[in-house]
Amino acid sequence: MGGAVLDDGPPGVKAPDGGWGWAVLAGGFVITGFSYAFPKAVSVFFKELIREFDVGYSDTAWISSILLAMLYGTGPLCSVLVNRFGCRPVMMVGGLFASLGMILASFATSIIHIYLCTGVITGLGLALNFQPSLIMLNRYFSERRPLANGLAAAGSPVALCCLSPLGQILQYKYGWRGGFLILGGILLNCCACGALMRPLLPPKKLEESTVVAAEEAEEKKPKKKLLDFSVFKDRGFLIYTIAASIMVLGLFVPPVFVVSYAKGLGYEDTKSALLLTILGFVDMFARPASGLLAGLKWVRPRTVYLFSFAMLFNGIADLVGSQAKDYTGLVVFCIFFGMSYGMVGALQFEVLMTIVGTEKFSSAIGLVLLMEAFAVLLGPPGAGRLLDTTHQYMHIFLLAGCEVTLSAIVMALGNFLCLSRGKDPESKMEMAVTATEKEGLNCVVEGEEDEPRGKKMGENGSQKAGEVGDEQYE
């Protein structure tokens with residue numbers, strides 16, 4: 001099953017659903033915050049960079065675009081590294097890259113240097129942290145995994161609320177160079193988060209038995225693949241990838257343009273910027289609430305349809321928000337968009353984990369992020385070009401709403417028509433214990449049962465009688 005990674009622990013070890021998993025969740029919360037909020041937070045330095053290097057706003061906007069492209073586009077590379085070296089070392093090296101990029105950027109003498117240092121090096125470092133943190137979260141949580149995903153995803157709006165004001169303070173006191181240097185130091189916390197991602201270990205009393213089971217399982221199964229393309233044979237994965245790629249075309253457009261939308265209606269800068277704060281505040285609570293909802297017994301087997309509803313909700317919010325004519329209408333839009341945006345953020349990787357399982361998740365997420373990278377690069381720029389042509393924000397919100405709504409239809413109908421008919425949804429529910437782990441666990445249980453059984457038979461009679469008893473028992 002080529003997707004199992006190097007440090008996934010011996011067979012027979014179930015996800016603890018707690019314990020050290022809460023430390024892993026805390027690390028994932030911080031990493032998710034850095035990964036999604038950092039590309040937006042550096043935008044507070046754009047005016048200083050424009051003045052420093054005599055460039056246009058479109059030139060500085062490429063910094064955030066390159067950061068996001070590296071975060072999504074390097075997915076397969078992250079999968080290969082994780083499958084080869086394990087999550088912890090990859091994350092710690094990634095933290096060094098993320099920090100190094102910002103430190104080097106503070107000495108930049110041209111905008112190209114910023115692209116290479118902040119965009120490429122820091123973007124690669126964040127990517128090497130983001131994907132492994134999701135993989136480790138998948139290993140440590142099973143029954144509580146939807147809630148864990150929701151709590152980790154809440155790191156994005158929380159970090160955005162913290163990093164953007166911090167960036168403004170740093171720019172005011174130390175300039176953009178000092179701000180970049182300090183942010184580089186802050187990103188070293190990624191190394192500390194990486195250190196929390198320790199591999200799962202078996203209980204001491206089962207250690208010897210699980211080692212034997214692991215050796216036997218290792219002999220039976222083929223050599224592990226660094227990148228498992230067999231996930232493309234899974235119809236559920238194909239449907240998810242197509243739907244997610246369509247969704248990303250429009251998902252990030254409203255947060256990018258809603259402030260400009262308010263300014264276009266004649267509202268001042270401070271009042272317009274407050275819309276993003278409202279959106280982020282609602283998003284902050286929607287993510288863990290969605291994870292809690294997805295973990296309910298009667299909802300979890302149907303998480304795919306809950307995800308489809310979240311996308312449909314988001315698309316309809318865009319369509320209705322396109323008709324906003326005043327500030328009150330935009331506030332209402334931001335509230336409902338924040339709710340739906342939080343639901344999508346909390347459920348997107350939970351659904352992928354459910355579809356492909358633990359063993360193939362490390363490869364699946366890398367391939368999905370690569371496919372989404374193209375949509376991320378096309379979505380906001382395409383909406384900007386439409387705005388340049390029509391000069392009306394209504395059209396870009398309508399386009400975004402249609403794209404996200406289409407993705408919801410593809411996800412729901414694809415799963416209903418291709419996967420669900422004739423199948424019990426309970427039987428499709430993916431758990432954190434893989435087939436290999438179950439096989440190893442069975443070996444351990446059988447070994448433990450055989451030992452006391454042999455002793456009991458020895459006390460009752462001859463060895464032959466014990467053997468007969470074993471045969472009758474089996």
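This is a predicted model: local features need pLDDT of at least 70, side-chain atom pairs count only at pLDDT 80 or more; totals for chains, interfaces and linings use all residues.
Leaving aside neighbours within four places in sequence, which residues is Ala69 in contact with? Thr74 and Leu377. Ala69 lies in helix H3.

Now the whole chain. The secondary structure comes to 18 helices and 0 strands. There are 474 residues, and 53% of them count as buried. Take the contacts between residues at least 6 apart in sequence: 87% of these join residues at least 24 apart. The accessible surface is about 21500 Å². Carbon and sulfur atoms account for 65% of that surface.

On to helix packing. Two packed helices are described by the angle between their axes and the distance between the axes.

Pair one is H4 with H15. H4 covers residues 75-85, and H15 covers residues 327-390. The packing angle is about 165 degrees, with the axes 7 Å apart. An angle over 145 degrees counts as roughly antiparallel, so H4 and H15 are roughly antiparallel to each other. The crossing of H4 past H15 is right-handed. Who makes the contact? On the H4 side, Gly75, Pro76, Ser79 and Asn83. On the H15 side, Ser362, Ser363, Gly366, Leu367, Leu369 and Leu370. By class, the residues of this contact are 4 nonpolar, 6 polar and no charged.

Stay with Pro76 for a moment. This residue lies in helix H4. Is Pro76 buried or exposed? Buried, at 15% relative accessibility, because the cut-off for buried is under 20%. Leaving aside neighbours within four places in sequence, Pro76 is in contact with Leu227, Gly366, Leu367 and Leu370. Gly366, Leu367 and Leu370 are among the H15 residues in the H4 contact. Leu227 is 151 residues from Pro76 along the chain, yet their C-alpha atoms are separated by 7.2 Å.

Pair two is H5 with H8. H5 is residues 87-105, and H8 is residues 155-186. At what angle do they pack? About 165 degrees, with axes 8 Å apart. H5 and H8 are therefore roughly antiparallel to each other. The handedness here is left: H5 passes H8 in a left-handed crossing. From H5, the contact takes in Ser99, Met102, Ile103 and Ala105. From H8, it takes in Trp176, Phe180, Leu181, Leu183, Gly184 and Gly185. The class count is 7 nonpolar, 3 polar and no charged residues.

Thr118 ties into this pair. Thr118 lies in helix H6, residues 111-140. It counts as buried, at 1% relative accessibility. Not counting residues up to four places away in sequence, Thr118 touches Ile63, Leu67, Gly101, Met102, Ala105, His113, Gly123 and Phe180. Met102, Ala105 and Phe180 also take part in the contact of H5 with H8.

Pair three is H2 with H8. The axes come within 11 Å and cross at roughly 70 degrees. That makes H2 roughly perpendicular to H8. The crossing is right-handed. Glu48, Leu49, Glu52 and Phe53 of H2 make the contact with Gln171, Trp176, Arg177 and Phe180 of H8. What is the class count for this contact? It has 4 nonpolar, 1 polar and 3 charged residues. Trp176 and Phe180 are also on the H8 side of the contact with H5.

Last, two loop residues.

Asp54 is in the loop between helix H2, 46-53, and helix H3, 57-73. Its phi is near 55 degrees, a positive value in a residue other than glycine. Asp54 is exposed, with a relative accessible area of 70%.

Val299 is found in the loop between helix H13, 269-294, and helix H14, 303-321. Is Val299 buried or exposed? Buried, with a relative accessible area of 8%. Leaving aside neighbours within four places in sequence, the residues in contact with Val299 are Leu293, Ala294 and Leu306.

To recap the pairs. H4 and H15 are roughly antiparallel. H5 and H8 are roughly antiparallel. H2 is roughly perpendicular to H8.

Notes
Residues are numbered from 1 along each chain as its sequence is written. Side-chain values use heavy atoms; hydrogens and water are left out. Helices (H or I, at least four residues) and strands (E, at least two) are DSSP runs, numbered from the N terminus. Buried means under 20% relative accessible area, exposed over 50%, partly exposed in between (1.4 Å probe, protein chains only). Contact means heavy atoms within 4.5 Å. Accessible areas come from the Shrake-Rupley method with a 1.4 Å probe; for residues, only the protein chains shown count as cover. Axes are lines fitted to C-alpha atoms, for helices over the stretch in contact, and angles run from 0 to 180 degrees between N-to-C directions. Angles under 35 degrees count as roughly parallel, over 145 as roughly antiparallel, 65 to 115 as roughly perpendicular and the rest as oblique. A crossing is left-handed if the near helix is turned anticlockwise from the far one by less than a right angle, and right-handed if clockwise. Ala, Val, Leu, Ile, Met, Phe, Trp, Tyr, Cys and Pro count as nonpolar, Asp, Glu, Lys and Arg as charged, and the others, Gly among them, as polar.
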